[in-house]
Amino acid sequence: MKRNFVYLACTLVLGLFASAVQADPPVAPFYEDVIKMSPSGKLGQVMKKEKIGTSIKGAQAWKIAYVSSDVAGRKHLVTGLVVAPLGVAPKEGRPIMAWGHGTTGAAQNCGPSQVLNPAVPLNEYFLIGGNSWTDYGIPSIEEFIKEGYVVVATDYQGLGGGGDHQYALAASNAMDMIDSARAASSMKETGAGNKTIVYGWSQGGGAVLAAASMPEYLNKKGTVADHLELVGVVALAPHDIAIMLPNATTNEDNAKKSLDGLIKMFTGNVFDFSHMAMSMWGVRASDPRLNLTDIFTNDGAKVLDEVIRNKCMHAVADTLNFNFSNQYKALLKDQITNPLNWTKAMVKGSVNPVKPVAPVVIYWGNKDTTNPPIMGKLYQDQMCQMGGNVNRVQLPGDQSHFTTPGSSAPLYRTWIKERLEGKPALNNCQQGSTLPS
């Protein structure tokens with residue numbers, strides 16, 4: 001009966017798809033132009049920019065499109081947002097804050113820079129007080145501008161610049177963050193210097209951890225800004241997929257067991273299932289050996305590709321809930337095929353097991369069920385063994401995944417200021433997690 005229901009639902013949904021004229025989701029002219037462009041420049045090279053208004057006092061802002069690359073070494077164009085103080089910059093230049101946003105979706109119109117007024121403080125749709133269908137804005141933007149910092153916020157590839165978004169592949173997202181800082185540094189209007197902080201939440205939290213372990217990419221020559229100096233890494237409720245897949249790339253049996261376990265972990269409800277499905281869609285975009293039909297039924301793969309390609313995150317979950325209700329798990333195949341190539345792609349696109357090039361601080365809440373805090377603990381253990389400087393801080397009170405950015409802001413702003421002043425960072429590798437007083 002369950003399979004018949006899902007078959008009927010898939011048939012009806014696919015029939016509706018076939019009867020309608022399908023098109024990519026609509027984007028504004030700025031992004032239409034970018035999607036048609038070729039990423040033929042240097043890493044970080046700004047290929048298009050547009051000055052926009054902002055309500056942040058003493059600030060100026062631009063939408064930008066710049067060159068970056070992914071885990072396969074393929075160049076692509078990425079859109080984003082740059083906000084800089086007005087006035088004359090100091091001789092040494094302004095510090096750069098590179099922000100990595102959390103999950104917004106995988107469609108071309110899910111980039112945060114595409115909302116009507118993007119250069120504002122972080123606005124989360126999930127919280128009471130949110131006023132949009134998606135998260136947008138930049139945490140602590142007002143405070144950072146007052147401090148004289150340049151802030152740049154990447155959309156990540158595939159969220160306005162063309163191509164399929166490699167969602168949850170932290171390494172690709174990290175390259176987009178690093179190159180966004182290069183782009184901001186190359187813009188004379190910003191007055192940016194070379195000291196750089198990367199900070200990110202959720203999907204962006206994983207990206208900053210990955211960025212910290214990319215010394216070769218950070219030190220690449222021939223970019224538009226070879227002089228960047230990463231001095232600090234702030235991860236808010238981050239993910240690290242590779243740390244959850246030990247021995248998953250050694251053989252087919254281990255790969256299947258690990259992948260089965262990971263999928264099971266994130267299929268408890270339709271919201272988690274939507275994240276999992278979008279993650280697999282993003283991993284597939286990174287490796288031509290992978291197909292959605294390795295994991296999902298033929299009809300399920302068609303439905304998921306159509307929905308994820310055209311809708312942002314919460315609309316994906318709502319669509320699956322409306323069409324499949326509590327039968328969404330039946331979109332999965334009974335037996336996964338090609339598991340070893342999947343786990344290899346996941347590990348390759350995750351955080352490298354390399355000592356971080358700069359101090360790292362992780363902020364996490366005890367009520368976070370979206371990105372289990374154990375990932376941050378395992379990451380800390382791994383990097384501490386390599387001699388890294390990693391501080392992991394439990395936020396006071398009961399904090400969820402979605403309250404983490406706001407509750408951590410006073411703490412990370414102080415931490416960032418101290419890094420820019422050259423003060424040594426607390427390393428609690430030996431003590432474990434700490435609770436601020």
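Reader: Which handedness does the link of Cys384 and Cys429 have, left-handed or right-handed?

Author: This is a predicted model, in which local features need pLDDT of at least 70, side-chain atom pairs count only at pLDDT 80 or more, and totals for chains, interfaces and linings use all residues. Residues are numbered from 1 along each chain as its sequence is written, and side-chain values use heavy atoms, with hydrogens and water left out. Cys384 and Cys429 form a disulfide (a pair of cysteine sulfur atoms within 2.5 Å), with their sulfur atoms 1.9 Å apart. The angle about the S-S bond is -85 degrees, and the link is left-handed.

Reader: How many residues apart are Cys110 and Cys312 in sequence?

Author: A second disulfide joins Cys110 to Cys312, with an S to S distance of 2.1 Å. Cys110 lies in the loop between β4 (94-100) and α3 (141-147); helices (H or I, at least four residues) and strands (E, at least two) are DSSP runs, numbered from the N terminus. Cys312 lies in the loop between α9 and α10, so the pair ties together parts of the chain whose separation in sequence is 202 residues.

Reader: Is Cys312 buried or exposed?

Author: Buried means under 20% relative accessible area, exposed over 50%, and partly exposed in between (1.4 Å probe, protein chains only). The relative accessible area of Cys312 is 9%, so Cys312 is buried.

Reader: Which residues of α10 does α9 meet?

Author: The axes of α9 (residues 298-310) and α10 (residues 313-324) come within 9 Å and cross at roughly 145 degrees. Such axes are lines fitted to C-alpha atoms, for helices over the stretch in contact, and angles run from 0 to 180 degrees between N-to-C directions. Contact means heavy atoms within 4.5 Å. From α9, Val303, Leu304, Val307 and Ile308 meet these residues in α10: Val316, Thr319, Leu320 and Phe324.

Reader: Which residues does Ser180 touch, not counting those up to four places away in sequence?

Author: Ser180 is found in helix α4 (residues 170-186). Ser180 has a relative accessible area of 1%, so it is buried. Not counting residues up to four places away in sequence, Ser180 touches Tyr66, Ala98, Val152 and Thr154.

Reader: What average pLDDT does the protein chain have?

Author: pLDDT is the predictor's confidence in each residue, from 0 to 100. It stays under 50 over residues 1-5, and also over residues 432-437. Of the residues, 93% score at least 70, and the protein chain averages a pLDDT of 93.
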